Amino acid sequence: MKTPLNIAILGCGTVGGGVAQILTQQKELLSKRAGREINLKFVAELNPEAAMKRFSLDEKIFYKNGQKVTIDEILADKDIDVVVETMGGKSDFVHNTCLNVLKNGKHLVTANKALLAERGRDIFLEAETRKLQLGFEAAVCGAIPIIKGIKECFTGDIIESVSGIMNGTSNYILTQMQLQNLGFAEALKLAQQNGYAEADPSLDINGGDASHKLILLIKLAYGLKLSMEELSVVGIEDINQNDMDFAKEINASIKLICLAKLKDGKVYATVRPMAVKNDNILSSVNYAVNAVRLDNKYSDTHFLIGKGAGSTETAMSIVSDIVFIARHGEVETYNEEEKYTLGDAKEIAFPYLVSFKTKNLPGTTGLITTCIGRQGINIETVGHNRFSGETADFSIETDVCCLKSIEKAIDDIKKENKELLLQEPKILPILY
Ligand code: NDP
Ligand code: HSE
């Protein structure tokens, strides 16, 4: 057997604690699989007592010479080969710590999608320059092996499109709204009560967390390094029961979809709620489950469905990265060249479901459909008109067109009658 691989974990909360638990419980098996001993040497944690109790861990991994082991001691320890960062956040402190792990010649494994997506450029570069491994399987869809899927399993293929449900909390909320007819606020409360949503759920519902994951997948699949500002993102905050019903009427369910598509040398990408037709498997991926769909040039379509979060679920991906490092060590990783540019997300061709809240007046539907027709958009169906005295709600399903044309049609409606629309129309791409 080779020399042992020594591990340290920074932050022993939900994910870090799960990693410590698996490494401890399965030490013998993992060491056999890795072909060398996998040894959890230290865990740096602000509150070791709570972590020990919560994850049934041995006191000795948290202390050195009777004191809590510090991050600086771990960085300086020549015996530590791999550092697992599970403190979370994208503060200067966490960013510098990750850089310093690599600068000290140690491999880095992290679940921190916010850090890698928003401040990861120099961390990736540092790892690459030093020929160290940067494992981040856990950062995108928790337990789903999409990173190795793209980097290893489909390296013989061209990924033409990546799409999926990459935030469990928003999927839980939308599922409750769809299947239990809950309002958005009620569904969000339930997600919080069940421990899905964060105390501050803004990144879950505004598409930020899903965007972090899509940015990482786009980098892997297409070599394109996007910032958050470059990605076109719409959250689920404005989805209501009317939208759910309109989607149901066209045999679809509303999902927060991450999509990146390669076309004519450009990558078109967006994160937004879409009406997913029931024939598409993504439509029946419910509650906190995540799913990724790959459409490949040679091997066609694949779905990976599973847990996108949770303690041991996410930790498992970290442990798999550790075993990979134990087996392969300092191998040079190929990073996709940055040969594509970002296309305008408004040019992605979709059929659309557009819903309107208007004054309940004669000629309203006529005016709206005329303005849509003027943009050369063909209408497939007009959804049920729901009257509520003074106001009316109805939806229009279009043929394939692009968002720019829909937006022009809406501007046109506003020009024709400034007071007709009582709120901004909801525009949902329809995903087949
Ligand atoms: P937690 O808040 O549960 O855990 C973070 C832990 O790090 C806490 O125990 C915290 O201590 C500790 N910590 C913070 N700062 C320090 C420090 N300076 N030194 C030592 N310990 C520190 O977060 P999660 O485990 O949920 O998330 C960790 C990462 O994993 C995040 O990047 C998250 O985005 C990612 N992730 C999480 C998933 C999940 O299901 N939870 C799924 C996929 C990714 P204290 O609590 O005392 O402050
Ligand atoms: N908040 C995230 C989610 C956790 O709901 O999917 C996993 O990244």
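**Sheet and ligand site in a predicted model**

Strand β1 (residues 2-10) pairs with β2 in the parallel sense over seven bridges; strands (E, at least two residues) and helices (H or I, at least four) are DSSP runs numbered from the N terminus, and two strands pair if DSSP finds at least two bridges between them. The model is predicted, with local features needing pLDDT of at least 70 and side-chain atom pairs counting only at pLDDT 80 or more, while totals for chains, interfaces and linings use all residues. Residues are numbered from 1 along each chain as its sequence is written, and side-chain values use heavy atoms, without hydrogens and water.

In β2, Phe42 stands opposite Ala8. Five strands make up an open sheet with parallel pairing, in the order β2-β1-β5-β6-β7. Because β2 (36-44) and β7 (134-135) stand at the edges with a single partner strand each, one side of each has no neighbour in the sheet.

The residues around ligand 2 (a heavy atom within 4 Å) include Lys113, Asn167, Glu198 and Asp209. By class, the shell holds one nonpolar, four polar and five charged residues. Polar contacts are pairs of N or O atoms within 3.5 Å. A polar side-chain atom of Asp204 lies 2.7 Å from a nitrogen atom of ligand 2. Oxygen atoms of the ligand lie 2.8 Å from a backbone N or O atom of Gly168 and 2.8 Å from a side-chain N or O atom of Lys213. The elements giving two or more residues to this shell are α9 (168-179) and α12 (208-222). The protein covers 87% of the 260 Å² of accessible area (Shrake-Rupley method, 1.4 Å probe) that ligand 2 has on its own.

How values were computed
Chains lettered and ligands numbered in written order. Polar contact = N/O pair within 3.5 Å; in protein donor to acceptor, adjacent residues only side chain to side chain. Nonpolar A, V, L, I, M, F, W, Y, C, P; charged D, E, K, R; others polar.
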